[in-house]
Amino acid sequence: MTGQVRGVQLARLLGQWHALPGRRRSPDYAALAGTVRGLLADGRLPLGVRLPAERELAEALRISRTTVTAAYRQLRETGHLASRRGAGSWTMLPGNHRVASTGLWTPLDDREMLDLGVAALAAPPQLLSAARAATEDLPRYLSGAGYHPTGIIELREAVADAYTARGLPTSADQIMVTSGTQHALDLVLRLALAPGGTVLVESPTYPNALAALAGRRARITTHGLAADAGWEPDLLLGSLRQTRPKLAYLIPEFQNPTGHLMPASLRERVVAAAHAVGTDLIIDESFVDLSMDGTEVPPPVATYDRHSRVVSIGGMSKPYWGGLRIGWVRASAPQVQRLAAVRVGVDMASPVLDQLVAVHLLADAEAIVADRRVQLAVQRDALLGALAHRLPEWRVTVPRGGVTLWAELDGPVSSALARAAEEVGVRLAPGPRFGLDGTLERFLRLPFTLPAADLVEAVGRIAAVRYDLDRAGRQRWREPAVIA
Ligand SMILES: Cc1ncc(COP(=O)(O)O)c(C=O)c1O
């Protein structure tokens, strides 16, 4: 159980439920129940939350209580609500389905496949020269044992300087180098979370973070992001206060998969609320460098932290190259020491040569990142153009950074579409990958990390199979598909 949603909060989520397109002569209670089912399928209303009492919701919606009673009854009949007399009603999915997915998938080595399952760029041209320069530096390290559990000092200084340049004064002893952001997340979880501890995540969120949480046997609670606006401040802060999770994992910059950017005001409020309820924040800054259209990125979340509540994680994979496997943690110096103690029980240290390559890339950050932003903006626009042309019914919010867009489809067909697309040489990561419990079937993440021509080709193939799905029988896709 993940808490309770109040009448006014649910009313806000329900929005224009009584005037939704497609509604014809259905009675009010059926429209209300249908909208709740849609919110559940899209992951905006978490599973296991207690809905407001009938009277409270009726007041919030300014409708009669009988309408709410009938809607709740229908939701019970369809298996979307469980009620216990005197205790309330909780959201669920029919048959209480849950996804046992680890959230992890690996690209196959198939060169013909247009892989839209992975949101990462090929290496920049500067990588080879950085690697050559790193081998020149290596002799300086060869007389030592080569184990640096917190990372080589040059790289820690370069990463600390980048934080300081973003307005967050940071010293090298606050940085620990890891083997990628994923490793950073795993180490922080090992240190901060006992098995069974509760963690709040966004829905949708990054699937491999869900895998890391599953690995630590975390109890996950979700904050549903709105497709157009992202975080809903009152709901997010309300969930923190109600659930009082041990940790919250958030991706405030160009969130994967939605591309949303958290405003400064909410950053400040989240940190204050987290501190008030004793929650530590893991802030994943994987995409912070990749803003577009001149979008200014607000100060780092840790800027608002006065009580060592915030641990920031990030890495080289998105602006530079995933194959480097270099990431980092920014925390207080004592936390870094504790993380290093955990780390020696895992992998001892990161490779020195790779860290040297990262040092050289960071020295050239301005030029490399500027090129990346231009490249990504061109690719994003090609993808948006192809979608508008071939799949005009799909709705997208234009991301102002990052590498992905989150398309709202014209039906709950994401998994079916991914299966069909695979047949025509396009790999997709369907919406349910980014959530729990088989929801998010109306959504699809589309990265714009492939060259523009490949993206246009991929959208053409996706559009063809989308229309084939319809011809194969529309009936099959009327109800949200559940992944069991
Ligand atoms: C939000 C987020 N966190 C972490 C990672 C993993 O990054 P790394 O390759 O640095 O481990 C990714 C990669 O896609 C990501 O999108």
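Trainee: Among contacts in the protein chain between residues at least 6 apart in sequence, what share joins residues at least 24 apart?

Mentor: A contact means heavy atoms within 4.5 Å. Of the contacts between residues at least 6 apart in sequence, 76% join residues at least 24 apart. The model is predicted: local features need pLDDT of at least 70 and side-chain atom pairs count only at pLDDT 80 or more, whereas totals for chains, interfaces and linings use all residues. Residues are numbered from 1 along each chain as its sequence is written, and side-chain values use heavy atoms, with hydrogens and water left out.

Trainee: What part of the residues in the protein chain is buried?

Mentor: A residue is buried under 20% relative accessible area, exposed over 50% and partly exposed in between, with a 1.4 Å probe and protein chains only. Buried residues account for 55% of the 484 in the protein chain.

Trainee: How many helices and strands does the secondary structure contain?

Mentor: Helices (H or I, at least four residues) and strands (E, at least two) are DSSP runs, numbered from the N terminus. The protein chain has 16 helices and 16 strands.

Trainee: Is helix H1 mostly covered or uncovered?

Mentor: H1, residues 7-14, is mostly covered, with six of its eight residues buried. These are Gly-7, Gln-9, Leu-10, Ala-11, Leu-13 and Leu-14. Their cover includes strands E1 (3-4) and E2 (49-51), together with helices H2 (28-41), H3 (54-61) and H10 (233-243). Gly-15 follows H1 and has a positive phi, near 55°.

Trainee: Which residues do ring pairs link into a cluster?

Mentor: Rings of Phe, Tyr and Trp (its six-membered ring) pair if their centres lie within 6.5 Å; planes under 30 degrees apart count as stacked, over 60 as edge-to-face and the rest as tilted. The structure holds two aromatic pairs. Trp-406 and Phe-434 are edge-to-face, at 5.6 Å centre to centre with 75° between the planes. Trp-406 belongs to strand E14 (404-408) and Phe-434 to the loop between strands E15 (426-430) and E16 (443-447), so this pair ties together parts that are 28 residues apart in sequence. Trp-406 and Phe-443 form a stacked pair, 5.3 Å centre to centre and 0° between the planes. Phe-443 lies in E16 and Trp-406 in E14, so the pair ties together parts 37 residues apart in sequence. The cluster therefore consists of Trp-406, Phe-434 and Phe-443, linked by ring pairs.

Trainee: Is Phe-434 buried or exposed?

Mentor: Phe-434 is buried, at 0% relative accessible area. Trp-406 and Phe-443 are both buried as well, the value for Trp-406 being 7%.

Trainee: Which residues is Thr-205 in contact with, leaving aside its neighbours within four places in sequence?

Mentor: With those neighbours left aside, Thr-205 contacts Leu-210, Tyr-249, Ile-251, Gln-255, Asn-256, Pro-257 and Phe-434. Thr-205 sits in the loop between strand E7 (198-203) and helix H9 (207-215), and is buried at 1% relative accessibility.

Trainee: Where does Leu-440, with its positive phi, lie?

Mentor: Leu-440, whose phi is near 70°, is in the loop between E15 and E16. Leu-440 is buried, with a relative accessible area of 1%. Arg-325 also has a positive phi, near 55°, and is partly exposed at 38% relative accessibility. The place of Arg-325 is the loop between strands E11 (310-315) and E12 (327-330).
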